[in-house]
Amino acid sequence: MEYFVQQLINGVTLGAIYGLIAIGYTMVYGIIGMINFAHGEIFMIGAFVALIAFLLLGFIGTWLPLALLIVLVLAMMFTAVYGWSLERIAYRPLRGSPRLAALISAIGMSIFLQNLVQLEQGAKVKPLPPVITGGFDLLGGGGFVVKLSFMQIIIVVLTTVLLIAFSFVINHTTMGRAQRACQQDSKMAALVGINVDRTISMTFVLGASLAAVAGMMFMLYYGVIDFFIGFLAGIKAFTAAVLGGIGSLPGAVLGGLLIGLIEVFWSAYFSIEYKDVAAFSILVMVLIFRPSGLLGKPEIEKV
C-alpha cells in the first residue's frame, strides 16, 4: 500500500509537468489548428535559462525565495521571446498555406533549436545541486516510508494555480474573448476589429511562458538536463493534449496527469523499458473509442 501511494505521488508530480507543457500545445492548436512541434524545445530552453540563472545567482548568494522568483521571471521572459519569434519567423509567413507546410516548418524549427542549444551549451548532461530539499513522511510500514517532498508540493500547487489563472484569462478577459473568436472564425474576428496577428502572437507567448515554468520545475525536480529533453517531453505532452482532448485546457492537464501516472506505475510494477510503449498504447486505445479525446468536443464542419 505504501509503495502504491508513493508511486501515485510521483505520477501526479510528473503528470503536472506534462500538463503545463500540454497547455501550450492545446492553446496553439485551438487558435490556428496546427501542432507546434517546436514547443518541446521551448520547454528545454526554459530549463537551460533557469539553470544558468540559478548558477549565476548562486555565485551572488541570493535569498532562495527571491532567487526562485527571479529565475522564474527570467525563464518566462526568455522563452516568451522565443515563442514570439517562432510564430513570426516560422509560422506567420505560412498562414493560409497547406497544413503540411506549417508542420514541416515546425519540425525544422525543432531541429534548429536543438542544435542551437547543443552548440552553445554542449552535448553533455548539465547537473544542478539540489536547491529545494526536505519534505514530509506521510506513511510508513514494512520498512518503506512514503515521502512527499516540498518540490513535489510546489509543482502540483503551481500547476493548479496556473491552470486556474489561464482558465480565467480565456473565459473572462478581452484577450481570452479574442482568442475564442479567432478559434471559431479568424476572418470574421478580423472584420469585427480583433487584431488576429497580435492574438495569435500572444497565444504563442503565453504557451512559451508556461513551458518555461515546466522547464524550471523539471530542472529543479530531476537535477539534470540536456539539449534533448525537449523532444521526448514534448512528444509526451503532445500525447497528453490529444488524450485529454486537444483544444481543452482542463483536458491538457488531465491528459498530462494520466500520462504521468501510466509512466510511473508501469515503471514501478513492470519493465521500465516499455513505459513509453504503455503510455502511447493507452493513447491509441482511447483514440479508437473516443477520437476527440477525453474532454474534447467533436469538431463541427463549418459551412
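Glu87 and Arg95 join their side chains in a salt bridge with an N to O distance of 2.5 Å, where a salt bridge is a side-chain nitrogen of Lys or Arg within 4 Å of a carboxyl oxygen of Asp or Glu. The structure is a predicted model, in which local features need pLDDT of at least 70 and side-chain atom pairs count only at pLDDT 80 or more, while totals for chains, interfaces and linings use all residues. Residues are numbered from 1 along each chain as its sequence is written, and side-chain values use heavy atoms, with hydrogens and water left out.

A search of the whole structure gives 6 salt bridges. Glu87 is buried at 1% relative accessibility, whereas Arg95 is partly exposed at 35%; buried means under 20% relative accessible area, exposed over 50%, and partly exposed in between, with a 1.4 Å probe and protein chains only. Arg95 also forms a salt bridge with Asp197, whose closest N and O atoms are 2.5 Å apart. This pair links distant parts of the chain, as Asp197 sits in helix α8 and Arg95 in the loop between α3 (64–91) and α4, 102 residues apart. Helices here are DSSP runs (H or I, at least four residues), numbered from the N terminus. Asp197 is partly exposed, with a relative accessible area of 32%. Together, Glu87, Arg92, Arg95 and Asp197 are linked in a network of salt bridges.

Another salt bridge brings together the side chains of Lys236 and Glu263 (2.9 Å, N to O). Lys236 belongs to helix α9 and Glu263 to helix α10, so the pair ties together parts that are 27 residues apart in sequence. Both Lys236 and Glu263 are buried.

The expected span of a helix is 1.5 Å times one less than its number of residues. For the 21 residues of α10 (residues 249–269) this gives 30 Å, and the end C-alpha atoms are 30 Å apart, in agreement. At the start of α10, a side-chain oxygen of Ser248 comes to within 3.0 Å of the backbone nitrogen of Gly251. The buried residues of α10 include Gly251, Gly255, Gly256, Gly260 and Glu263. Their cover includes α1 (2–32), α5 (150–172), α9 (229–244) and α11 (275–289).

Thr203, in helix α8 (residues 196–222), is buried at 1% relative accessibility. Its side chain makes a polar contact of 2.8 Å with that of Gln179 and reaches the backbone oxygen of Thr199 at 2.9 Å. A polar contact is a pair of N or O atoms within 3.5 Å; within protein, one must be able to donate a hydrogen and the other to accept it, and residues adjacent in sequence count only if both atoms are side-chain atoms. Beyond its neighbours within four places in sequence, Thr203 is in contact (heavy atoms within 4.5 Å) with Met27, Val28, Ile31, Met175 and Gln179. Thr159, in helix α5, is likewise buried, with a relative accessible area of 5%. With the neighbours within four places in sequence again left aside, Thr159 is in contact with Ala16 and Leu20.

Gly230, in helix α9, is buried at 1% relative accessible area. Residues up to four places away in sequence not counted, Gly230 touches Gly40, Glu41, Phe43 and Met44. By contrast, Glu120 in helix α4 (residues 99–121) is exposed, with a relative accessible area of 56%.

Terms used: Helices (H or I, at least four residues) and strands (E, at least two) are DSSP runs, numbered from the N terminus.
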